[in-house]
Amino acid sequence: MKQSSRNILYEVLFQIILLGTVFIFYAFNRVEASIETQIEAYEVAFFLNCAFAAFVINYFLLPKFLYRKKHGLFILLVILLIAFTMLMEELILEKIYFPTTRGANFPGIFYNLLNVMPTIIILVGFKFGWDALKKQREVEKLKSAIKDSELQFLKSQINPHFLFNNLNNLYSYALERSDKTPKIILELSAVLRYMLYECQAKFVPLKKEIDHVENFVNLSKLQLEERSKITFKAENLESGYMVAPLIFPVFVENAFKHSLSSVSENIEISIDIFQKGDQLNFKCANSYSLETNTKDLAGGIGLENVRKRLELLYPKKHTLTIEKNKGEFIVFLALNLHRE
């Protein structure tokens, strides 16, 4: 409501300034033509006649007909309105102010058009431009809202997937009465707290996100027992930088999911994160065997979501490469960070 009132106030001020500016040029043009030294009453009357026509076009014909794509009816009504404006000037105003000179003769349609059209065109043109700018702002707001909604949708698709997987693992450990159950609950609680409460913004502090990735790794490594070698390194991280949340954990989760399905006893997963200036480099590599189902790893739902989020949040500011070679699956992501 406040925004709407503010927009109306801005437009009223704009119209007042526009009318005043155009009238000054209109009046002084007539002053020069008649070699007068001051603005006369007839100049105000003639100007208001044109301004009234422009007002009708701006606030009735444009929104009711042109913007609703009723072009034929719009053109017809504009022609009738201009004809009415010319008749008002010729048959009434000139006979009031110039009864024995201009009011006694009809100079012709083209002469009258030259009198009224410049003022009307200027006033209508500025209003049309104002409406176009307002419409552009509305379109930008709509695009931003759609973008935010899409990001929230993509983010929400990640959280349930992670939650269900870990709840299943927790259930298995609970059935076995494993000593690791309390530790898993604590790790899961820390990760979920971050996902639910601390990463709702579009960007979060880099340090918090990397801490979350480390917690995520610690939680996930509990599932691999003793048959894995897992390394996590985060180096040269600088404070004051922001990053989009819940992007890196998707690649980490993918690596662990891949490793869990492997028949190999020598699983290796390495996560390396380092910062160089404004660029953050993330590398996640995991071993795999031919017996593993790898065909969905490069095109799964999680990775597709991450690709879309990166395109929305880091357009032309990121590089993502995913490779499979010599028994190793490698993800490399470079992001251009921004400060708080």
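Arginine 307 has a relative accessibility of 26%, so this residue counts as partly exposed (buried means under 20% relative accessible area, exposed over 50%, partly exposed in between, with a 1.4 Å probe and protein chains only). The model is predicted: local features need pLDDT of at least 70, side-chain atom pairs count only at pLDDT 80 or more, and totals for chains, interfaces and linings use all residues. Residues are numbered from 1 along each chain as its sequence is written, and side-chain values use heavy atoms, with hydrogens and water left out.

**Salt bridge within a helix**
- Arginine 307 pairs with glutamate 304 in a salt bridge (a side-chain nitrogen of Lys or Arg within 4 Å of a carboxyl oxygen of Asp or Glu), and their closest N and O atoms are 3.0 Å apart.
- Both residues lie in helix H8 (residues 301-313), three residues apart, so about one helical turn separates them; helices (H or I, at least four residues) and strands (E, at least two) are DSSP runs, numbered from the N terminus.
- Glutamate 304 is partly exposed because its relative accessibility is 32%.

**Salt bridges across the chain**
- A salt bridge joins aspartate 272 to lysine 233, with 3.8 Å between the closest N and O atoms.
- This pair links distant parts of the chain, 39 residues apart: aspartate 272 is in strand E4 (residues 267-276) and lysine 233 in strand E2 (residues 228-235).
- Lysine 233 is partly exposed, at 43% relative accessibility.
- Arginine 339 forms a salt bridge with glutamate 238, and the closest N and O atoms are 4.0 Å apart.
- Arginine 339 is in strand E8 (residues 338-339) and glutamate 238 in the loop between E2 and strand E3 (241-243), so the pair ties together parts 101 residues apart in sequence.

**Total**
- The structure holds seven salt bridges.
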